[in-house]
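Hi there,

Here is the structure I promised to pass on.

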Amino acid sequence: MIKIYVPLDSAAIALGADEVAEAILSEAQKRDASVQLVRNGSRGMHWLEPLVEVEQEGKRIGFANVDEGDVSSLFEAGFLTKADHQSCIGEVDAHPFLAKQERLTFARCGIIDPLDIDAYQEHGGLVGLKRAIELNREEIVGDVMLSGLRGRGGAGFPAGIKCKTVSEAEADQKYIVCNADEGDSGTFADRMIMEGDPFCLIEGMAIAGLGVGATKGYIYLRSEYPVALKVLNQAIEIARENNLLGDNVLGSNRAFDLDVFVGAGAYICGEETSLLESLEGKRGQVRAKPPLPALEGLFGKPTLVHNVISLCSVPIILAKGGEYYADYGMGKSKGTLAFQLAGNIAQGGLVEKAFGLSLRTLIEDFGGGTRSGRPFRAVQIGGPLGAYLPEDLLDLPMDYETLAEHGAGVGHGGLVVFDDQVNLREQAHYAFEFCAEESCGKCTPCRVGAVRGTEVMERIAKGEDWAQNMVLLDDLCELMVDGSLCAMGGMTPIPVMSAKKHFPDDFEPDQAARAAE
Amino acid sequence: MRLRISAALNKGMTHQPLDGCVREGEAHAMTEKLHDIIAPYVGETGGLISAMHAVQAELGYLPEDVLPVAADLFNQTKAEVKGVISFYADFRDQRAGANHVRVCVAESCQSVGSRELVTALEERFALKLGETDLARELTIEPVYCLGLCSVSPAAEVNGKLVAKADADKIAERVEA
């Protein structure tokens, strides 16, 4: 029986992986070939998807960009036993894009069948949860503290401190809420791991539950991720059958269970207080802080709200100890980050590396430059609320502090690359449009500021009272930064001001007026 | 406490107990159907939103009648229910066209030509983004990120994801 892997990851499916899987099965049947088809997650080399892998003599040989029409020619070339087809990329693990990575959180993603709990354990799964069961709450939180893990959703708040706050809060009920409302353009790490290694998230949430004394968890999943929803729901059922979840987690006499809640297409619900409102079945309007959700969160109870990747980092931290994780990275940015190469990039995909590598390494070495082949012009880091940076800042090391010094943020680790066809004034304009579209409306600087911003940008584009409107733009941004209730209004000025600072030519009246024509 | 007050308001102001519904035939059947879909979600965490998803999955949209039924079942005012529904982009008050295209208009897709893609689609189908044609055969809508940013531009046609999308690839999947 020969094992063939065809990813079920959304990116692969969107490029025809389902059809390829079907074609392989029917072709194998026609030829009487004995094959076992495994739908794995993606390896993160999305530009090669659908990437079909065949296990040959213990190695996994890859065939890239397979189309359903290629399947019979693959069989013809003997791809079940030989590695000589034009689409063959050799041993997948040896591919430089993967070989140079440091996969801690994504160690299993793309390798195993996401719903095979035995394979999960064979590849290091459940070691962390089993160790957590032997520890008391202080020790679990202590390990997270020691790891130096910071929130991977964008804000970078120390995870250990948040855990400690929830752990020490007194209450009859506490919650773990996983923020899987990954709405930032340029990010897909959450989706990938939920589709490719869902038990990792379940294990991370169970450990977090034991660590802070919470018995109930929710995954707040955006509705744009139907594949992740299907995989998660199946994984949760399997986890319950295997006592990873339930009244007696792995025989520990401690309870933890979780459910998936599907959002309804509101970007703002990625903001933690808005998310909690939505999870309570209300409008996703931002709450004022304090009180912190760690003390008064879901239904007013202490709630640990963490991003998917933060929670998925917990199993390995518990399995190998906080120090092991903290050995990766630099300065106050410990561990690894799942960088996501997106936009106009030749080799789009996921790169998990310790903090500290440069943007240039990511974009040029891993990403292979722009997809269009035209010169690089700008990269937006960390989603729609992230800064646009020019070529001369590409040698900055990727860590929280260094980027903050340059008015940018690592955010979620998503990089959207643009070639020289981009107009940064248009991108600044879009930042306001997006804010106007997605603002929850609770605070005035965001609700009204975003609309005023689009108006100012329109006048700048037309060259109307250009100098005054450029000043007005600065004023408006300052007001939004200082006056907004949450990051939506508070950070929309970041893409705007970074575009204006680093690409002033795009805002010049002549060019602006020309572009508007 | 808040729930109890709103429940009282609801009972006092709406005068639309389910069983005493004066509308006949079809309307009554719709109310009953909605009741059956929504009722299992009462008491669930975030149940109102999940219930609205369920109604939309069944009917393709949220009819006006959803307001009194959901308000009654969830002990809220119709205004509160309306407030929730109107907040979320997923919920629609009219059925989409027989074909439903969503095109990503966020940054990653912009970097590889989604603005041009939208223009091409608008010209091809003679529809603006956000519109449905008169025969209700096609709806084209913007979406903000489908999580396929490494293989942009992204779109979704009748629930199926399309990466490295172009106007031809999308049109092929739209059923005539």
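**A buried serine and its surroundings**

B:Ser108 is buried, with 37 other C-beta atoms within 10 Å (buried means 20 or more other C-beta atoms within 10 Å of a residue's own, exposed 12 or fewer, partly exposed in between, with C-beta atoms placed from the backbone). Please keep in mind that this is a predicted model, in which local features need pLDDT of at least 70 and side-chain atom pairs count only at pLDDT 80 or more, while totals for chains, interfaces and linings use all residues. Residues are numbered from 1 along each chain as its sequence is written, and chains are lettered from A and ligands numbered from 1 in the order in which they are written.

B:Ser108 sits in helix 6 (residues 107-110) of chain B; helices (H or I, at least four residues) and strands (E, at least two) are DSSP runs, numbered from the N terminus. Leaving aside neighbours within four places in sequence, B:Ser108 is in contact with A:Ser185, A:Gly186, A:Ala342, A:Gly343, A:Val416, B:Cys149 and B:Ser152 (contact means C-beta atoms, placed from the backbone, within 7 Å).

**Where the chains meet**

In total, 46 residues of chain A are in contact with 33 residues of chain B. On the chain A side, the elements giving two or more residues are helix 1 (10-13), strand 8 (257-262), helix 12 (272-279), strand 12 (336-343) and strand 16 (414-419). Strand 12 of chain A gives the most, with 4 residues.

**Helices in chain A**

Helix 6 (residues 127-134) and helix 13 (residues 308-320) of chain A pack at about 60 degrees, with axes 7 Å apart (axes are lines fitted to C-alpha atoms, for helices over the stretch in contact, and angles run from 0 to 180 degrees between N-to-C directions). That makes helix 6 of chain A oblique to helix 13 of chain A; angles under 35 degrees count as roughly parallel, over 145 as roughly antiparallel, 65 to 115 as roughly perpendicular and the rest as oblique.

In helix 7 (residues 137-147) of chain A, A:Ile140, A:Val141, A:Asp143, A:Val144 and A:Ser147 are buried. They cover an arc of only 150 degrees around the axis, which puts them on the same side of helix 7 of chain A (the arc is that of the directions from the helix axis to the C-beta atoms). Just after helix 7 of chain A, A:Gly148 has a positive phi of about 70 degrees.

Best wishes

Conventions:
Contact = placed C-beta atoms within 7 Å.
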